[in-house]
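Subject: Structure handover

Hello,

Here is the structure I promised to pass on. Please look through it first, then read my notes below.

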Amino acid sequence: MANKRKDSKGRILRKGESQVRDNLYSFRWTDRNRKRQCLYAPTLDELRVQEDEIQKEITLGVSRTAVTLNEQILIYLKTKNSLAQSTKGNYEYYFNHTIQDSGLGNMKVVDIRKSDILLFYKNLSEHGYSAGTIQVLQKIIHPALQLACDDNIILKNPSEGCTKEYSTELEKKYALTFDEEKEFLERVQNRPRMKRYYPMYAIILETGLRISEAIGLTWNDVDMDRKEISVNHQVQCRMVDGKYTIYANSTKTNAGERIIPMSDKVYRLFLEQRKVWLKSIKAPDFDVDGYTDFVFVSHVTGKCMNHNNVRRMLRSIVSMNEDREIQLPNISPHILRHTAATRLAESGCDIKVMQYLLGHTDIRTTMRVYNHVDTERVKREMDKLEELWSKIG
């Protein structure tokens with residue numbers, strides 16, 4: 001009978017185990033794809049804990065591979081034909097700028113533990129990343145790892161439940177009050193270099209258009225005779241190879257493609273915008289993936305408006321607070337859209353009509369606007385009651 005192999009401490013080694021240089025222990029085995037695999041551990045006890053996991057995986061038909069999280073995410077993105085182009089572009093942007101060069105991204109999928117993902121998100125949060133951004137990263141990482149589960153590469157998804165502490169509900173979502181909305185538009189109108197953009201902001205506040213939808217509007221989409229706005233595409237802006245790239249694609253969701261009837265006010269705003277447009281310079285032969293004659297153009301470049309320029313203008317408008325009696329909160333393009341949605345709800349707009357006008361796929365998104373409005377309405381009514389009692393008293 002052949003002598004059984006032993007380690008330096010005299011312990012009998014199992015099949016596939018060996019003690020290598022620096023007293024490290026290794027285990028070699030053949031996976032379900034008939035490929036030789038090897039792992040290392042500093043002690044025999046630690047090695048055997050990993051061995052037990054491997055044996056369990058082999059029994060369940062799980063295949064250990066050397067694929068990294070980065071590689072797994074790229075595989076996942078290639079399989080998702082149903083993703084809207086804008087969503088896919090968004091995922092690719094966050095992958096390239098946040099995940100790809102991280103320690104987590106370069107880890108082998110089989111080595112990732114839940115604690116690794118939790119620490120990754122915690123580190124991002126401490127460096128100023130918002131809960132919303134972390135939720136987007138989870139939407140990339142979780143399904144990529146789930147695909148690894150489905151392919152029997154790993155037993156369970158380590159990203160499950162990793163964003164419980166990063167609920168976007170914790171982030172304040174608000175609409176401008178009537179006074180703040182009026183103040184905002186007055187500031188735009190009273191600033192010489194900005195007043196030409198008054199119709200654009202007013203139209204967004206009246207229609208609830210997403211900023212990408214508003215920027216993408218062409219005069220072919222605006223039917224002044226029928227008083228209709230056709231929302232059938234959007235224009236996005238992303239950092240690619242160190243520079244901002246503008247591109248057009250379909251609306252955010254299928255429900256995003258819609259016809260919005262113009263109110264008389266919106267009709268007059270488009271007439272005003274037409275006058276502004278006729279006086280504006282135009283970049284010759286400018287197009288975005290075949291779209292031309294954009295409604296809202298920059299007075300500097302003559303090209304369609306840029307998301308970043310809009311955000312800079314909004315910051316500039318808010319920065320006027322020190323000279324104004326009414327103080328504006330931080331305003332983003334989405335705050336303008338949420339304000340428009342709130343006005344629709346406050347006017348008693350039918351919820352299905354409101355869902356259509358805003359291009360929401362899920363009516364629960366629309367309902368959240370109503371829930372927000374109801375809370376604010378209760379507060380206003382209570383304030384009125386308190387004022388009445390103060391007069392009586």
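**Salt bridges**

Arginine 14 and glutamate 51 form a salt bridge, with their closest N and O atoms 3.9 Å apart. The two sit in distant parts of the chain, 37 residues apart: arginine 14 in the segment before strand 1 (17-19), glutamate 51 in helix 1 (residues 44-60). Arginine 14 is partly exposed at 41% relative accessibility, whereas glutamate 51 is buried at 4%.

Before going on, the ground rules. This is a predicted model, where local features need pLDDT of at least 70, side-chain atom pairs count only at pLDDT 80 or more, and totals for chains, interfaces and linings use all residues. Residues are numbered from 1 along each chain as its sequence is written, and side-chain values use heavy atoms, leaving out hydrogens and water.

Now the terms. A salt bridge is a side-chain nitrogen of Lys or Arg within 4 Å of a carboxyl oxygen of Asp or Glu. Buried means under 20% relative accessible area, exposed over 50%, and partly exposed in between (1.4 Å probe, protein chains only). Helices (H or I, at least four residues) and strands (E, at least two) are DSSP runs, numbered from the N terminus.

The structure holds 15 salt bridges. One of them pairs arginine 226 with glutamate 228, at 3.3 Å from N to O. Arginine 226 is exposed at 58%; glutamate 228 is partly exposed at 24%. Glu183, Glu186, Arg187 and Arg324 are linked in a salt-bridge network.

**Around glutamate 206**

Lysine 265 forms a salt bridge with glutamate 206, the closest N and O atoms being 3.1 Å apart. This pair also links distant parts of the chain: lysine 265 is in helix 9 (residues 264-279) and glutamate 206 in helix 7, 59 residues apart. Helix 7 covers residues 198-207. Both partners are partly exposed, lysine 265 at 41% and glutamate 206 at 32%. Beyond its neighbours within four places in sequence, glutamate 206 is in contact (heavy atoms within 4.5 Å) with Lys265, Val266 and Leu269.

**Cysteines**

Cysteine 149 is buried, at 12% relative accessibility. Cysteine 38 is partly exposed, at 28%.

Best wishes
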